[in-house]
Amino acid sequence: MTKPTAIKVAGLFHHRWNVPVIAALHAAKGGARLVVLAHTLDGNRDAVRDALDALIEADIVTRNPGYGHPLRPEYLLTARGRRVAPACVRFQRVAAHVDALGIAYMKWSAPALLAIRRGHSRFNAIQRALGAITPRSLTQGLRVLCDNQLVIRTVEDDFPPRSAYALSNGGTRMANATAQIDARLT
């Protein structure tokens, strides 16, 4: 059995604010200050700062070396960030269109959709594709995705009964948008 391709995007969705911050910096055309980002995203300043720190560590965002003037942005996208940003903007649009903004940024939602898109239809296969996820977290994540009609769960009449997971139309659109982010995270 071949080892599944790692889902790079799982690290990006670790912090709830990572993708929205990247999209907001892209929209700001050149960068933004923490206060402006937190206000624009209607997010907690500390949570947005934690996301920025994670994005700096991932070489997606950098602090502005010329920061100091009140009108200069405090944070800028790196070259890697500029490559990923359009896909993050598209992801937000798709999530809003399929009415999934409430769950789109949950830690394992987008990575699980991508794992299913890549052909992992069984629980254990999805868990292996995601790597660090616990069985409890995956169970909860799949339940939320099913409840929001992004994933369809089918119980196969076998002994013992087995579940298979497939993407709905909305789930397919979200998984495709996630795949674009994943592809640009080189």
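Six salt bridges are counted in this predicted model. Side chains of opposite charge can pair when their charged atoms come close.

One of these salt bridges joins the side chains of D182 and R118, with an N to O distance of 2.6 Å. D182 belongs to helix α10, which spans residues 169–184. R118 sits in the loop between α7 (109–117) and α8 (123–130). The pair therefore ties together parts that lie 64 residues apart in sequence. R118 has a relative accessibility of 32% and counts as partly exposed.

A salt bridge also forms between R122 and E156. Their closest N and O atoms are 3.0 Å apart. This pair, too, links distant parts of the chain. R122 lies in the loop between α7 and α8, whereas E156 lies in strand β3 (residues 151–156). The separation is 34 residues. R122 is partly exposed, at 26% relative accessibility. E156 is partly exposed, with a relative accessible area of 26%.

D158 and R162 form a further salt bridge. Here the closest N and O atoms are 3.7 Å apart. D158 has a relative accessible area of 39%, so this residue is partly exposed. R162 also counts as partly exposed, at 38% relative accessibility.

These contacts extend beyond single pairs. R122, E156, D158 and R162 are linked in a network of salt bridges.

Definitions and conventions:
Residues are numbered from 1 along each chain as its sequence is written. This is a predicted model: local features need pLDDT of at least 70, side-chain atom pairs count only at pLDDT 80 or more; totals for chains, interfaces and linings use all residues. Side-chain values use heavy atoms; hydrogens and water are left out. A salt bridge is a side-chain nitrogen of Lys or Arg within 4 Å of a carboxyl oxygen of Asp or Glu. Helices (H or I, at least four residues) and strands (E, at least two) are DSSP runs, numbered from the N terminus. Buried means under 20% relative accessible area, exposed over 50%, partly exposed in between (1.4 Å probe, protein chains only).
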